[in-house]
Amino acid sequence: MPTVTFHKQGQTFVDEVKPQTNLVVRAGIRQFPYPNLRYECGMGKCSKCACRVIAGAEHLPPPNWKEKKQLGERLEQGYRLACQLWIEHDIELAQDDLPAQAPAIVATAGADV
Ligand code: FES
């Protein structure tokens, strides 16, 4: 069973999930990482579920078009949309306090620092 490590606001939450688990779906039925995972639409439209992948990114499929559209430059910084991921391997994620809908142009400005 995949182990999910989830960092939020300085806290770390760890639990095992079944293979092919979607964390937003789980949060929606009040299972880990509920209530700590921020999300809204569950459909790749709002980017509120954006998480930075700290470990395990190599096991994830390439970003889909929704992730490319919502995350833009943040994809290169390791961000993914949790609602678009079906977890099959151990993964470590962090959800930072980012603007809910940072447009790509804002991410570009930050990336130059
Ligand atoms: S919950 Fe809206 S994009 Fe993931």
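Let me start with a pairing. Strand 1, residues 3-8, and strand 2 run antiparallel, joined by six bridges. Within that pair, Phe6 has Phe13 of strand 2 as its bridge partner.

One caution before I go on. This is a predicted model. The average pLDDT of the chain is 90, and 86% of the residues score at least 70. Confidence is highest in helix 1, at 98. It is lowest in helix 3, residues 104-111, where the mean is 52. Where pLDDT is low, the predicted coordinates should not be read in detail.

Now the overall layout. The chain holds three helices and five strands. Reading from the N terminus, the order is β-β-α-β-α-β-β-α.

How are the five strands arranged in the sheet? They form an open sheet in the order 2-1-5-3-4, and the pairing is mixed. Strand 2, at 11-16, and strand 4, at 79-81, are the edges; each pairs on one side only. From one strand to the next, the twist averages 35 degrees.

Look at strand 3 next. Strand 3 pairs with strand 4 over three bridges, in the antiparallel sense. There, Arg52 stands opposite Tyr79 of strand 4. Strand 3 also pairs with strand 5, again antiparallel and over three bridges. In that pair, Val53 stands opposite Leu93 of strand 5. As a reminder, strands of a sheet pair through backbone hydrogen bonds, either parallel or antiparallel.

On to the core. Of the 113 residues in the chain, 27% are buried. The largest nonpolar core has 19 residues. Which of them touch the most other members? They are Leu23, Val24, Leu37, Tyr39, Cys49 and Ala82. Strand 1, helix 1 (23-28), strand 3 (50-55), strand 4 and strand 5 (91-95) each supply at least two residues of this core. Helix 1 gives the most, with three.

First, Ala82. Leaving out residues up to four places away in sequence, Ala82 touches Leu23, Val24, Leu37, Tyr39, Cys49 and Cys51.

Second, Cys49. Cys49 sits in the loop between helix 1 and strand 3. Why does Cys49 count as buried? Because Cys49 has 24 C-beta neighbours inside 10 Å, and the cut-off is 20 or more. Take the pair Cys49 and Tyr79: they are 30 residues apart along the chain, and their C-alpha atoms are separated by 9.9 Å.

One more residue: Arg80, in strand 4. Is Arg80 buried or exposed? Arg80 counts as buried, because 24 C-beta neighbours lie inside 10 Å. Beyond residues up to four places away in sequence, Arg80 touches Cys51, Val53, Leu60, Pro63, Glu67 and Leu85. The C-alpha atoms of Arg80 and Ser47 are separated by 8.9 Å, and these two residues are 33 apart along the chain.

Last, a figure for the chain as a whole. Take contacts between residues at least 6 apart in sequence: 61% of them join residues at least 24 apart.

To recap: an open five-strand sheet in the order 2-1-5-3-4, and a largest nonpolar core of 19 residues, with helix 1 giving the most.

Terms used:
Residues are numbered from 1 along each chain as its sequence is written. This is a predicted model: local features need pLDDT of at least 70, side-chain atom pairs count only at pLDDT 80 or more; totals for chains, interfaces and linings use all residues. Two strands pair if DSSP finds at least two bridges between them. Helices (H or I, at least four residues) and strands (E, at least two) are DSSP runs, numbered from the N terminus. Axes are lines fitted to C-alpha atoms, for helices over the stretch in contact, and angles run from 0 to 180 degrees between N-to-C directions. A residue is buried if 20 or more other C-beta atoms lie within 10 Å of its own, exposed if 12 or fewer, and partly exposed in between; C-beta atoms are placed from the backbone. Two residues are in contact if their C-beta atoms, placed from the backbone, lie within 7 Å. A nonpolar core is a set of buried Ala, Val, Leu, Ile, Met, Phe, Trp, Tyr and Cys residues joined through C-beta atoms within 7 Å. pLDDT is the predictor's confidence in each residue, from 0 to 100.
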